[in-house]
Amino acid sequence: MKLLVAEDDGETRDYIDRGLRELGHSVTTAENGRDALFLAMDEGFDAMILDRMLPGIDGMSVLRSLRAADNATPVLMLTALARVEDRVGGLEAGADDYLVKPFAFTELTARLNAIVRRPQPRQVETALRVGDLEMDLLRREVRRGGRKVDVQQREFALLEQLMRNPGRVVTRTMLLERVWNFHFDPRTNIVETHMSRLRSKLNADGERDLIQTVRGAGYLIDDIA
Amino acid sequence: MPKLPSSTAFRLAGFYSLAFATVTLALGVAIYVAVRTELRYDLDQRIVTERQAVLSEARNNKGEGLPALIAARAAHGGSDMRYALIDPRGHLISGRPVEAVPPLGWSDMNFLKPTGELDATRAFALRLGDGHILVVGSDPEAIEALDEHLVPLFTAVFGLVVAIGVAGAFILSSALGRRLETINRTADAIIAGDLDRRVAVTGNGDEFDRLALTLNQMLDRIGGLMENLRQVSGDIAHDLRTPLSRLRQKLELAVVGSPDPVVLHGAVEDAIDRVDEMLSLFSAMLAIAEVEAGGDSVRMTSLNLSRLVMEIAETYEPALEDRSRSYKFSCDQGITIQGNRALIAQMMANLLDNALRHTPEGVAVAVDLTAHPEEAELCVSDNGPGIPPEDRERVFDRFIRLEGSRTTPGHGLGLSLVASIAKAHGGSAAIHDNHPGVRMMVRLPRSNP
């Protein structure tokens, strides 16, 4: 992917730059808001990682200008501000996702992947499919190889997050935010316990487990054996 | 004492007594003028009546004539009326002698006593048809008596009023000054560093006592915050210094130790875990600081507490069951509060994390949300080993990890955050004995009781 990283702190910028290059992405960096806005307007990027506090034009203003100019480049906003109010402000300004520093690199890539592949609003999906696992979003039903799987509301939401990102890691934090609306880290492993129930329901007939646990990162669903 | 005349109390009391004295003076003058006018009117009436009586008697009694009549009346003792008939040349024809012929009409003139002394008289002089002047007068004794008695009396009363006013001003200002001075001295002592000093309360419940109590409460609150801050900085020093030193030791050992990449990798991963633990400690501290600072950083909206509690209670069900705790929850429906969803969710999660972390397998954990008329009561209880009574209140203090739980993971801030969140919502958090076990109770005011 062609990515733009706008971050004023040199060490953080190099850390993100290096990590993304190692994953095979092409990365352009900017260290202030003016450059970031210029680059984002001028070149087409697949996604942009934007620090909220940049010298000159701050990240929020860059984002607003970008959206005002009808530029829909997916933006992942980085910030040291952890309050829910700050997060809401970032999303309202047009960010596609919001990541609080410090973060694990897997968290960054997982979120980046999620916003880049996010389906366009016009294409409303009504069904998701991974291997022999089907999810009907309208009737809110899950079938495994034709067999109806009885899942609870939270388990359905959990599975939906994975199935919308097949083959890509969805982190624990992303699941806590999107399924439970928890913007903090509970000390009880609620994601793990729900995931284990979901798995046992999906694999009740001894089928192959489609969900993989990625140690230290999260989960992914894939059809590859 | 020397400062008194400049005090506000003295000025106020002085102003008040001055106003009171002015009113008293005005009242006295008004009474004096009114009484004097009335007395003078009475006197004049008597003179007019008497003159008419004399003239009409003289007309009816033609034989004797006016001079004889006046002589007879003047000679008649006991009356305070005085008469004189004077011919056009100014000679006294009948009656008592006068000092000088008075002008016609009303006047204050003098008759002469037989001894030659002057006798002040209020009189009316009338020129008769034959050119003679008839003077009829009366002794203004009543008016003189008024001046003689009432004026000194009134002067004395007025003096007393002024004296009481001045004395009152001094007493009032010195009394107020003393009370204020007590507060002042306390404040000075606190400024000088004696932070435990408090304003003395007399116990009579007046406004100064109320002020003293309020000030003392304020000082206690500030003192509590200071104490808290002192404790927190000490705890931070301990709770961060310890893991940081361990981290440093580990990394140092890894650098000088085995060059095996697997071992090094393990050491680095371990270091990252430890750093994450410290970061979560920081987040918790920041969260508490934010909630306690309150104000705009905590946005409150109308929140369906029943639904939220139910959601989170359900979320924890698998985790509790997987760890062999029996679990039940009951929620009264339709409870709404003014609250911050994220904070209430975190509070509830902290309570359940706590119940799970500090109880052994096999205990029963229960969540109950009860609607009271004014408030909602949220209880998370267990029947585990419980907490000794002497330690109970301390669980809400920051960084408290009671003996025996020092080894379990956690930063000791979970319940402090619960207490802070409850307080930020105008509620309270308390810990009770569940006979056996612990019952954590949070009370939150409802928005539509």
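## A short tour of chains A and B

Within chain B, 61% of the contacts between residues at least 6 apart in sequence join residues at least 24 apart; two residues are in contact if their C-beta atoms, placed from the backbone, lie within 7 Å. This is a predicted model, where local features need pLDDT of at least 70 and side-chain atom pairs count only at pLDDT 80 or more, while totals for chains, interfaces and linings use all residues. Residues are numbered from 1 along each chain as its sequence is written, and chains are lettered from A and ligands numbered from 1 in the order in which they are written.

**Chain B overall**

- Chain B holds 9 helices and 12 strands; helices (H or I, at least four residues) and strands (E, at least two) are DSSP runs, numbered from the N terminus.
- Of its 449 residues, 24% count as buried, a word used if 20 or more other C-beta atoms, placed from the backbone, lie within 10 Å of a residue's own.

**Two packed helices in chain B**

- Helix H1 (residues 8-60) and helix H2 (residues 65-75) of chain B pack at an angle of about 130°, and their axes are 9 Å apart. Here axes are lines fitted to C-alpha atoms over the stretch in contact, and angles run from 0 to 180 degrees between N-to-C directions.
- That angle makes H1(B) oblique to H2(B), since angles under 35 degrees count as roughly parallel, over 145 as roughly antiparallel, 65 to 115 as roughly perpendicular and the rest as oblique.
- On the H1(B) side, the contact is made by B:Val54, B:Glu57 and B:Ala58, and H2(B) brings B:Gly65, B:Leu66, B:Leu69, B:Ile70 and B:Arg73.
- These residues divide into 5 nonpolar, 1 polar and 2 charged. Ala, Val, Leu, Ile, Met, Phe, Trp, Tyr, Cys and Pro count as nonpolar, Asp, Glu, Lys and Arg as charged, and the others, Gly among them, as polar.

**Where the chains meet**

- In chain A, 19 residues are in contact with 21 residues of chain B.
- Helix H4 (84-92) and helix H8 (190-202) of chain A each supply at least two residues of the side that touches chain B, and H8(A) gives the most, with 4 residues.
- That side of chain A divides into 8 nonpolar, 5 polar and 6 charged residues.

**A sheet in chain A**

- An open sheet of 3 strands runs in the order S10-S12-S11 (chain A), with antiparallel pairing; two strands pair if DSSP finds at least two bridges between them.
- Strand S10 (170-171) and strand S11 (211-214) of chain A are the edge strands, each pairing on one side only.
- S10(A) pairs with strand S12 (residues 218-221) of chain A over 2 bridges, and A:Gly218 in S12(A) is the bridge partner of A:Thr171.

Notes:
A residue is buried if 20 or more other C-beta atoms lie within 10 Å of its own, exposed if 12 or fewer, and partly exposed in between; C-beta atoms are placed from the backbone.
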